[in-house]
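Let's take a friendly walk through this structure, stopping at a few local details along the way. Have the sequence and the 3D view open as you read.

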Amino acid sequence: MMLRIQSPEGTRRVDIDNLAVTRELFEKVLNAFETIEYPFRLYGRRDKSQEIGSSDTKTLASYGLKHGDMIFLSPIAGAVQRVEQPTGNGKAKNEISNTSLSVSTPTTSMPGSKIPARSTVDEDQVDLLLQKMDGTVKRKRDPKNCLHGENSSCIHCLPLEPYDASYLKDLNVKHMSFNAYLRKLSSGLDGGKYANLDNISCRIKPGCTGHPPWPKGVCSKCQPKAITLNSQPYRHVDNIVFENPNLVEQFLHYWRVTGRQRIGFLYGKFDVHLDVPLGIKGIVAAIYEPPQESTRDSVRLLPDSRQSLVDRLAAKLGLSCIGWIFTDLVAEDVSKGTVRNFRNAETHFLSAQECVMAGHFQSLHPNPCRFSSDGYFGSKFVTVCVTGDAQNQVHMEGYQVSNQCQALVRDECLVPTKDAPELAYARQSTAEKYIPDVYYKEKDAYGNEVTREARPLPVEYLLVDVPVSTPLEPVFTFAAGSHKPFPVENRPIDGHLQDVSALASYLNQFSRHRFIDAASDFHFLVYIATMDMLPLMESMDPLLEAVRSKDVALANQWASGDQWSTVLQLLAHADQMLTTGQPMEEGATGDTTGIPWTCAHCTFINMPNLSSCEICNLPHQI
């Protein structure tokens, strides 16, 4: 249907399906009005009585919109209107035309206009959007304390800054958002001109010629400063949202079957979090499980040759790796489905080893920031632990480690202790490496604040809490239905292997006229992109675009191409071999009295006379 959009910039038309979600409408409006660079809202009525919110679940039909309807675009309150007085004949001086009215965010609220940019780097889209927003917290007129008229303001109803401590305390927010922290840096008399966003370095600066190199000499110019750990007042991510409970249930299924712990990487995107001023939320759409060795008490990650390819595939779907998740579950009563609760304030929330691992991952995924001379500051990479709560039920806890911890881990200054998971240890200097002094402060038995050396160090000085949630209305980037999902990668257990037979069984659930339903599975896409018999990654761009835009016709067109037709032929031949025992090609030699078998390690289909795999030489597992 066609909708008309009326705005201060004029009127435009957009074409959109009536079953499209409202988020797509906002994207089309931004494309139609290329000059709009300010936050806005959409309304179904001129008097702003029917607001249309941006949602991934609500459709235009739910708002009763029909072909030809007029929608009204209005800037969010707090924006400044710049008006050019018309000079044409026949117009009064106070008359304003649509073409001469534009709206922009006040420069006083933009950190970029105060804190000087120290590098040129492409920042995340969510940061660019937040930097354009006003960010102040609007308050209604207080009927008791406000003694002025409706069009006036006083200290009781003036908007609050996004870093206001009392407001954040009322919201039960322990850490302000990072963009609110930037606003706070620019709120002083210097306007943030001397704000320091340089990353911490624990290494000796190279190139000092006034003395012999370490360990024979060091000076105040090249020596890194001592570090006193403190609670980080901000966090780079304010909420972690799993699109639907099925994501976690599928991840937990491995532990329920084997009793072994598991690690996965979270793939999703970052968006504006409306519950925290200038906040950011990480939305998880899929969980990729890398190669790993796991026991009931530990997990060890193995080298993953496919990780870069998975990142490329996710990027084409509009996703990126935003965090990692791991289980630490011990069953208490199998019949009741309860688990033990051993992570709490009396023990620990994250172990020192997990903090070191989180710091390592955060260093691999730095946060682009033009206000830092390095071009990066901190990280948005999050950590999610699945453990037991006080009611012995499975629940999730989210964390990040502080920028101080990230620097200590990056420069190999921090290690876990052997017997106490709640304690880390700052290494001492050696002849090969200089380690700066690390301290933390605590109160003694008399209430006095004393400084302690971080040998050992309680890990709570390194942590930043991040709430974890799922929406009331589940969202599915990848299709969910009554069909059985494709097996998850790197699970070496019966019924979970990704092989040719699993691919054939999975595809048999879908109609060929709806290939989009089969393709809308992250693990299926990863498998066909990397499968040994015919990897398809280089030809999958149209399919990934179809999955991203939910384009049925484009998916069917790709499925009718040569690459996928070849896969279907291979599946047909493999099925014939498994059912009749005949070889795939005429004239093939070898024993055909038995049934060909699929290697459990590399998924190659071997002839029945072979006792070990022809490709990887590993023995046949019966």
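## Two positive phi angles

K550 sits in the loop that links α12 (541-549) to α13 (552-559). Although K550 is not a glycine, its phi is positive, at about 55 degrees. With a relative accessibility of 53%, K550 counts as exposed.

A second case is N392, a residue other than glycine whose phi is positive and near 60 degrees. Look for N392 in the loop between β21 (382-388) and β22 (394-401). N392 is partly exposed, its relative accessible area being 21%. As background, most residues other than glycine have a negative phi, and most peptide bonds are trans.

## Two cis peptide bonds

The bond between W214 and P215 is cis, with omega at about 15 degrees. P215 belongs to the loop between α4 (178-185) and β9.

R455 and P456 are also joined by a cis peptide bond, here with omega at about 5 degrees. P456 lies in the loop that runs between β26 and β27 (457-458).

## A three-stranded sheet

Strands β9, β25 and β26 form an open sheet in the order β9-β25-β26, and the pairing is mixed. β9 (227-229) and β26 (449-453) are at the edges with a single partner strand each, so one side of each has no neighbour in the sheet. On average, neighbouring strands here are turned by 35 degrees against each other, direction ignored.

How do β9 and β25 pair, and over how many bridges? The two run in the parallel sense, and three bridges join β9 to β25 (residues 438-443). In one of these pairings, T228 has Y439 of β25 as its bridge partner. Helix α8 (residues 403-410) packs on the sheet and touches both β9 and β25. The direction of α8 makes about 135 degrees with that of β9.

## Cysteines without disulfides

Searching the whole structure turns up zero disulfides. C208 is in none, and the nearest cysteine sulfur, that of C219, is 3.4 Å away. C208 is partly exposed, at 28% relative accessible area.

C222 is likewise in no disulfide; for C222, the nearest cysteine sulfur is again that of C219, at 3.7 Å. Is C222 buried or exposed? At 3% relative accessibility, C222 counts as buried.

## Confidence in the model

Please keep in mind that this is a predicted model. The average pLDDT of the chain is 84, and 89% of the residues score at least 70. Over residues 78-113, however, pLDDT is below 50, and this stretch has 56 contacts in the model beyond near neighbours in sequence. Residues 583-594 also stay under 50, with 14 contacts beyond four places in sequence.

Key. Residues are numbered from 1 along each chain as its sequence is written. This is a predicted model: local features need pLDDT of at least 70, side-chain atom pairs count only at pLDDT 80 or more; totals for chains, interfaces and linings use all residues. Side-chain values use heavy atoms; hydrogens and water are left out. Two strands pair if DSSP finds at least two bridges between them. Helices (H or I, at least four residues) and strands (E, at least two) are DSSP runs, numbered from the N terminus. Axes are lines fitted to C-alpha atoms, for helices over the stretch in contact, and angles run from 0 to 180 degrees between N-to-C directions. Contact means heavy atoms within 4.5 Å. pLDDT is the predictor's confidence in each residue, from 0 to 100. A disulfide is a pair of cysteine sulfur atoms within 2.5 Å. Buried means under 20% relative accessible area, exposed over 50%, partly exposed in between (1.4 Å probe, protein chains only).
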